[in-house]
Structures are given as structure tokens and as C-alpha cells.
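Here's a quick tour of the model shown below. Have the viewer open as you read.

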Amino acid sequence: MRRFATLIMLALVLAAAVGAQTLSFGLGDRGLEATLNEINVSAKADLPGFYAELSLSWGIPQAQVTVYAKEFQPAELYLAAGLATLSGKPIATVVSSYRANKAAG
């Protein structure tokens, strides 16, 4: 019983820590915001692996990913890569537009 109580306390502490890391991307879609926050949490467990996968999956040179990683959260990079692919625009164009309009969501 004591071990079970310890596990419950640990789960509550971890849940509070994850909740504290929740970011608002200003997109106006709770589901998308939740997904982006989940991406952030899982990416931070292995940032080099996440960045390598992002580069391979979306065809973005690793050097560009490294530069953008200094400025943006992992989920922001993921979103920018997806938008670049869907729009057919270079990720640099998407990132530039995001920078200029970040406050607008």
C-alpha cells in the first residue's frame, strides 16, 4: 500500500510538471494546442533524435533545423515544417512569416 501511495504521489508531481510546461501557441484550436504541447514534451525527451527525425521526415537540412531550434520550440518547428510542405513554400518563408505574425497566432 505504501508503494502504491508513493507511485500516486510521483504521478501527481509529474502531471503538475507537465502542466507547467504547457505553452500557448495562440492558434485558437484547443486540440491543436494540446497536440503541439504533446509534441514538445516528447521531443524534449530526445531533442537530437527529434531534430534528426524532423530533418528526415520533412526534408529540411539538419543545419536549418539546428538554427531554428535556437529560436523556436520543437512543436513550432514541427508545425512550420508541416506548413512548408503543405504550402510548397520553403521553410525559411514559413518561419519568416511566423516570426512576423507570431503574436497573431
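## Overall layout

From the N terminus on, the elements run α-α-α-α-α-α. That makes 6 helices and 0 strands, with helices (H or I, at least four residues) and strands (E, at least two) taken as DSSP runs and numbered from the N terminus.

A word on ground rules: this is a predicted model, where local features need pLDDT of at least 70, side-chain atom pairs count only at pLDDT 80 or more, and totals for chains, interfaces and linings use all residues. Residues are numbered from 1 along each chain as its sequence is written, and side-chain values use heavy atoms, leaving out hydrogens and water.

## Surface and contacts

Of the 105 residues in the chain, 26% are buried; buried means under 20% relative accessible area, exposed over 50%, and partly exposed in between (1.4 Å probe, protein chains only). The accessible surface comes to about 7100 Å², with 64% of it belonging to carbon and sulfur atoms. Those areas come from the Shrake-Rupley method with a 1.4 Å probe.

As for contacts (heavy atoms within 4.5 Å), take those with a separation of 6 or more: 46% of them are between residues 24 or more positions apart.

## How α3 and α5 pack

The axes of α3 and α5 come within 11 Å and cross at roughly 5°. The two helices are therefore roughly parallel to each other, the label for angles under 35 degrees. Axes here are lines fitted to C-alpha atoms, for helices over the stretch in contact, and angles run from 0 to 180 degrees between N-to-C directions.

On the α3 side you'll find L47, F50, Y51, L54 and W58, which meet P74, L77, Y78, A81, G82 and T85 in α5. By class, that contact has 9 nonpolar, 2 polar and no charged residues. Ala, Val, Leu, Ile, Met, Phe, Trp, Tyr, Cys and Pro count as nonpolar, Asp, Glu, Lys and Arg as charged, and the others, Gly among them, as polar.

## Aromatic pairs

The structure holds 3 aromatic pairs. Rings of Phe, Tyr and Trp (its six-membered ring) pair if their centres lie within 6.5 Å; planes under 30 degrees apart count as stacked, over 60 as edge-to-face and the rest as tilted. One of the pairs is W58 with Y78, edge-to-face at 5.8 Å centre to centre and 85° between the planes. This pair links helix α3 (residues 47-58) to helix α5 (residues 74-87), its partners sitting 20 residues apart. W58 is partly exposed at 27% relative accessibility, and Y78 is partly exposed too, at 34%.

Another pair is F72 with Y98: the ring centres are 5.6 Å apart and the planes at 55°, so this one is tilted. F72 lies in the loop between α4 (62-69) and α5, while Y98 is in helix α6 (residues 91-101), 26 residues apart. Both F72 and Y98 are buried.

Technical notes: Angles under 35 degrees count as roughly parallel, over 145 as roughly antiparallel, 65 to 115 as roughly perpendicular and the rest as oblique.
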